[in-house]
Amino acid sequence: MSNQEKHWEKSRGLLFITLAIWFVFSIGIFLFGAEMNEVTGPFGYPWTYWFTCQGSLGAFVILIFWFANRQEKIDEEFGFSEREDE
Amino acid sequence: MKGNFIDNLPKVYGIYTGGFIGFIIIMAIAEQMGMSAKAIGIAFVAFTVFIYALIGWLSRTAQADAYYVAGRQVPTVFNGMATAADWMSGASFVAMAGGIYFKGYGYMALLVGWTGGYVLVASLLAPYLRKFGCYTVPDFIGTRYGGNLARFSAVVVLTVASFTYVTAQINATGTIASVALDIPFQYAVYIGLISILLCSMLGGMRGVTWTQVAQYIVLIIAYLLPVFWISNKMGAGFFPHFMLADEVARIGELEQQFGFVKNAAADLKTVPKGLAGITKAHSAVNATPWAFISLALAMMMGTASLPHVMMRYFTTPSVKAARKSVGWSLFFIFLLYSSAPMLATLSKLSLIDPNLPTGIIGKSIAEVQAIDWYQNWNQANLMFVSDFNGNGTLELNEFFMGGKAVVLATPEIAGLPYVISGLVAAGGMAAAMSTADGLILAIANAISHDVYYKIIDPKAETAKRLLVARVLLVVIGFAGATIAAMEIQGILGSVIWAFDFAMSGLFFPLVLGVWWKRANRQGAIAGMLGGLAAGTWYLVWVRTGGSGFLGITQLTFGIFGSAVSLVLMVIVSLMTAEPDKATQKMVDDVRVPSGKTILGKSH
């Protein structure tokens, strides 16, 4: 397998992990919205309400930065990161 | 100032922010000295629009790559701010808190959808399209799949989606300009349009980028300052986002106490059009999982297909910067979106809690009708009370409000000085203008670059190309304003439709263009046109009395459109020949950040 194929395989792996986390916060928890809202969550808000107001939104922000850092590491590992002068 | 403009950006916008805060303070002092509310409103809107026009003029350019992609040198954080302003429309600013106020959980699917989509943008598309080096989204489709028909199909989808969206934004600028400047809506629409064109005509993407950063700063101050102020004034907590749990619980208690009384149809007929009462619980889960998830999913996939957002990531200096920039965009969006539910909570509690001095439920009707702010907003057709049961007391089901009132009227209800209302008007104007600019530019660039330059006249010189781009900008702006002046559709409904149109035609052709090497021209054309046609058919069918299926409504028709698009694209691609070696090599090159862009610097 060439260097480029390995790089792409790893990038694809990262994509699947990212999409799995995305799925949990955008879809997964809202499958159980009614049940979860009975429980008191962060700062005293009901759980589901908190996720729709802040929790999921904040999770997406963190997820994107995490993804960007991981992808940069993968690019560096295989020597595909951009040179500054390009 | 020493050094070039890009290095001095933090300083430039730091001074700008300081100057804007200074302006707010001067207005506050002027108000104390007797400046009229109307004059303050005019000053806020006129001053900010003047600044944007000045930035637009300073950013004028005659170079193609500055006009189309701002010279590809916009730093990560600033591009994040510009994208946030590009993204948050008049609807987000003026109508979102109102939607949450009236519809609660079911509506908040939009919050999740309009943020979660950025994960798809960052992971599936933005960095790869940046590596491609295209000027527009159809530029990517046209080069990856090859052929004028593929390019043209992408322009069609882009135009349908963006034009649906832009009429709503011009409508919003007109509404705000007409209120703040006190002129009729039909004229205000064109004043709004001229302000929009001033930002984009001379500098193209460069002008739009630097005005959008300025507009973001205005709109975020205008949104957050009242939320924090009201929360502190009500004693609800100095940092509302973390401290409103008691208030949310209290609203639940009051809802139990008052109950949701259903009004008779005859009574509801007397309520002015566009106003609504509180009929849904504030924090309870009031939608089925599928209703919530389908709306969120449609908005997420729509986000990743809207060209005016995608093209912002063409302006970053590198692929790495494009990825980080998506994160910053979402962070800046998060600041406003996470505040909207807090504003809705504060607004609702201050109106319905009888223990608060501002509460009106439980007071006598005559007493409410005598309140100053009630009279103002009643005249503006945004508030209404009526004694349906004839007991002389205002009940929860007898109070009606327009969705915009939550943002526009809450500062006044809470007793904040008028300067805040002027600030909010300037913020709403900034939000609507920045989005309208991005959209008009996306359409005009696609037609001038992809249809005129790439298809009709590939030998055209830069000066001529940019002239065509500018003429188109004006034509499209006026077409949008003319339709907006007719007021045929609501703001929020047409925004949601734009997402559905975009995802129907563009989501899979874009994503598979990067992630599936086997995808070919025939498949992409079938996916774009078939998806758009299927989505449009479904919308028309449901609108004309069709029953729909699988719980897909006129707000989520993109789910059907994009499913058809995916199926067509895969089947047609597999039935026809695989892409040639050069195209496959192109896809391989897109997938690694290093090396030259696929399309040259100036193409």
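Colleague: How many residues of chain A are in contact with chain B?

Modeller: This is a predicted model. In it, 39 residues of chain A are in contact with 41 residues of chain B.

Colleague: Which helices of chain A supply that side?

Modeller: α1 (3-26), α2 (33-36) and α3 (47-77) of chain A each supply at least two residues. The largest share comes from α3(A), with 18 residues.

Colleague: And what is the side of chain A that touches chain B made of, by class?

Modeller: There are 22 nonpolar residues, 14 polar and 3 charged.

Colleague: Other topic. In what order do the strands of the open sheet in chain B run?

Modeller: The order is β1-β3-β2, 3 strands with antiparallel pairing. β1 (275-276) and β2 (383-385) of chain B are the edge strands, each pairing on one side only.

Colleague: How many bridges join β1(B) to β3?

Modeller: 2 bridges join β1(B) to β3 (residues 399-402) of chain B. For B:L275, the bridge partner in β3(B) is B:G402.

Colleague: Now the backbone. What is phi at A:F43?

Modeller: Near 60°, a positive value in a residue other than glycine. Most residues other than glycine have a negative phi. A:F43 lies in the loop between α2 and α3 of chain A.

Colleague: Why does A:F43 count as partly exposed?

Modeller: Because 15 other C-beta atoms lie within 10 Å of A:F43, and partly exposed falls between 12 or fewer for exposed and 20 or more for buried.

Colleague: And where is B:R72?

Modeller: In the loop between α3 (64-69) and α4 (76-87) of chain B. B:R72 is not a glycine either, and has a positive phi of about 50°. B:R72 is partly exposed, with 19 other C-beta atoms within 10 Å.

Terms used. Residues are numbered from 1 along each chain as its sequence is written. Chains are lettered from A and ligands numbered from 1 in the order in which they are written. This is a predicted model: local features need pLDDT of at least 70, side-chain atom pairs count only at pLDDT 80 or more; totals for chains, interfaces and linings use all residues. Two residues are in contact if their C-beta atoms, placed from the backbone, lie within 7 Å. Helices (H or I, at least four residues) and strands (E, at least two) are DSSP runs, numbered from the N terminus. Ala, Val, Leu, Ile, Met, Phe, Trp, Tyr, Cys and Pro count as nonpolar, Asp, Glu, Lys and Arg as charged, and the others, Gly among them, as polar. Two strands pair if DSSP finds at least two bridges between them.
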